Amino acid sequence: MTTLPTSGRVVIQTTVGDIEVELWSKETPLACRNFLTLALEGYYDGVIFHRVVPNFLVQTGDRTGTGTGGESLYGEPFDDEIHPRLRFTHRGLVGMANNGEQNTNTSQFFITLDRADELHGKHTLFGRVIGDTIYNVIKIGELELDENERPVYAPKIRQIKIVDNPFHDIVPRITAAEKRAQQLAREQMQREREEASKRKKGKKDSKLLSFGDDGEGDNDALQFKKKPIFRTDLVVSEPSKQTPDVPLVRTSKPKAKDPEIVRPDMDAVQEKEEIPKPKKSKSSEVKTESDKRKEEFDRVEEEIRKLTRRRDSDSEDDKPAKKTKKGPSIIEQQNAKYQRGTAAARRAAKKKDDSSSLSALERFRSKLQRVQIEDVDDADAPPEGEDEAKGEEAMDVDDDVGWISHRLHFAKDDAQETSRAEHDYEVIDPRMRGAKAKEEEMERKRSKKDGHGYKPRSQGPRR
C-alpha cells in the first residue's frame, strides 16, 4: 500500500533535539488546523512529555502536565478523522490523544515507537516523523520512568516552528510573541507587588530579641528607659554633713510604655546607711598560721630537691666522657644520595663499567697472543673411543685451560655425506602440495578424455 502525499511540515524543538513532522492536512483538516493554530499561539511552548510507554508511544500536549488537561481551537473537543489508508503500521506516526472515548480530541497528541494496530479506528492519525529526527523520539522513549509511566526527568517542548503552513487563512487569537510578552509583564507585576509588600513592612529593631513570628504582632517594638543602678557602699560620704532622710519622689504617674523614675539624693542615702567594717574572726587567724607552716614545709622540700639535683650532676661530671665517633651529618648524607642519582653520576658509573669491560677484553686478547698455537697432526690424534672415555672422566672438571691452544679440525668430506643429507632432508611446502594436486587432477581429466575415444579433428584439404 502506497503512502498518501503530505501537505504541511513543522519542526518540534525539544530539550532532547528537533523532531521534524509532515502533516496529512487534506485527509485530516480538523486535527491539522487545530495543531497548527495552537502552535502559532505558542500553546505548546514549555509543555512536557508527561507519558512514556516503552516500545509503544510518547505523549505530550497538556499544559498542566497531568494528562487530564488540554483545550482545542474550537472551544470544545472535536471529532475523529479516521482514514482507511492511514494506519499505525510503523514507528514515528503522530496521532491525536483522547480520554478513551470517540470524538474527544483537544490538544494532546502522541508519537508511536512501534507498530500499533490496536490504535487504528480509535485515534486520528494526522502526521509522521521524517528523517533522522526519529532517533530523538526513541531517546525520549528510553528515559527513566516512575511507577505511573511518567519520566523522572521529563523533556520539554521549547517551541514548534512551522515550516510549511497549508492553511493560509489561519488567524491566531494571540501570537506566540504576544503571549511571551504577556507572561513577562505578569512576572514583572508580580515582582513589583512583592517589593512593595516588603517596603510596607516596618524596619526591624535588631537590638531586640524576637521569639515569635516576625510577620505577626506590632512592628513597633516597645522601648523602655533603663533604670540606673547604684552601689551605695561605693559612694564616699562626708561625716560632717547630716541631712534628713530623703524619700523617693515621682514627678508624675508613669506611662505604660515610658516609665520615668526620679533619682534620689544619694548623699542623704549614704549618710543614713553606714556600713560596718567586717571583723576578723579567730578561725581566719588559725588558718593563716596553718598556711604559714605549710609554706615553710614546701620551702624546705624545695631546698632538699635542689641539693639532690646538684649532687647528681656533680657525680655525672666526674665520670670520664666516652669518645663518640662523629659520622657524616644528615645534610652530607642527603647530598651524597642526590649526587648518586644525578645524570653526571650515572655517566661516570657507565664509563667505569665500559672501561672495566674493555680492560677485561684486553687481558683476554693478550692471553691468547701469549699462547702458542700447537699444530697437532691428525695422526697424533687419539682414537675416538679413548677420547670418549677421557671425556666422560673429565666431564665434571671445569679447570681445563688447554682449549685456548687447540685448533678445530674437521673430517675430510668427499661430498657423499652432503648429498645423502640433502636427499634425506625433505622439505614440505603446502603450496607445492596444492600445485601437485592440480597437476594430478588435470592429468586424470586428460587421461579420461583419451580413454573415451576423443580425438581432435584434423583439418584436411578442402574440395
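A cavity is a set of grid points where a 1.4 Å probe fits but cannot get out. In this predicted model, the count comes to one cavity of 30 Å³ or more, and the volume of the largest cavity is about 40 Å³. Its lining is formed by Glu81, Ile82, His83, Leu86, Phe88, His120, Gly121, His123, Thr124 and Leu125.

The protein chain contains ten helices and eight strands. Of its 463 residues, 21% are buried. Among contacts between residues at least 6 apart in sequence, 71% join residues at least 24 apart.

The largest nonpolar core comprises 31 residues, and the members that touch the most others are Phe35, Phe109 and Phe126. At least two residues of this core are supplied by each of β1 (9-14), β2 (17-23), α1 (29-40), β5 (93-96), β6 (109-112), β7 (125-129), α2 (134-141) and β8 (157-164). The largest share, six residues, comes from α1. When residues up to four places away in sequence are not counted, Phe35 touches Val10, Ile12, Tyr44, Phe109, Phe126 and Ile160. Another core, of 13 residues, lies apart from the largest one and includes Leu4, Phe56, Phe88 and Ala97.

Most residues other than glycine have a negative phi. Asparagine 103, in the loop between β5 and β6, has a positive phi, near 60 degrees. Because its relative accessibility is 36%, asparagine 103 counts as partly exposed. A positive phi near 60 degrees is also found at glutamate 149, which is placed in the loop between α2 and β8. Glutamate 149 has a relative accessible area of 31% and is therefore partly exposed, the limits for that class being 20% and 50%.

Confidence was examined along the chain. The average pLDDT is 76, and 66% of the residues score at least 70. Over residues 239-262 the pLDDT stays under 50, and the model has 24 contacts beyond four places in sequence for this stretch. Residues 374-379 also have a pLDDT below 50, with four contacts in the model beyond near neighbours in sequence. Where pLDDT is low, the predicted coordinates should not be read in detail.

Terms used: Residues numbered from 1 in each chain as written. Predicted model: local features only at pLDDT ≥ 70, side-chain atom pairs only at ≥ 80, totals over all residues. Heavy atoms only, no water. Core = buried A, V, L, I, M, F, W, Y, C linked by side-chain atoms within 4.5 Å. Buried < 20%, exposed > 50% of the residue type's maximum accessible area, 1.4 Å probe, protein only. Helix = DSSP H or I, 4+ residues; strand = E, 2+ residues; numbered from the N terminus. Contact = heavy atoms within 4.5 Å. pLDDT = per-residue confidence, 0-100. 1 Å grid on protein atoms, 1.4 Å probe; cavity = no way out; pocket = protein on both sides within 12 Å on 5 of 7 lines; lining within 4 Å. Points joined across faces, edges and corners; volume = space filled by probe spheres on them.
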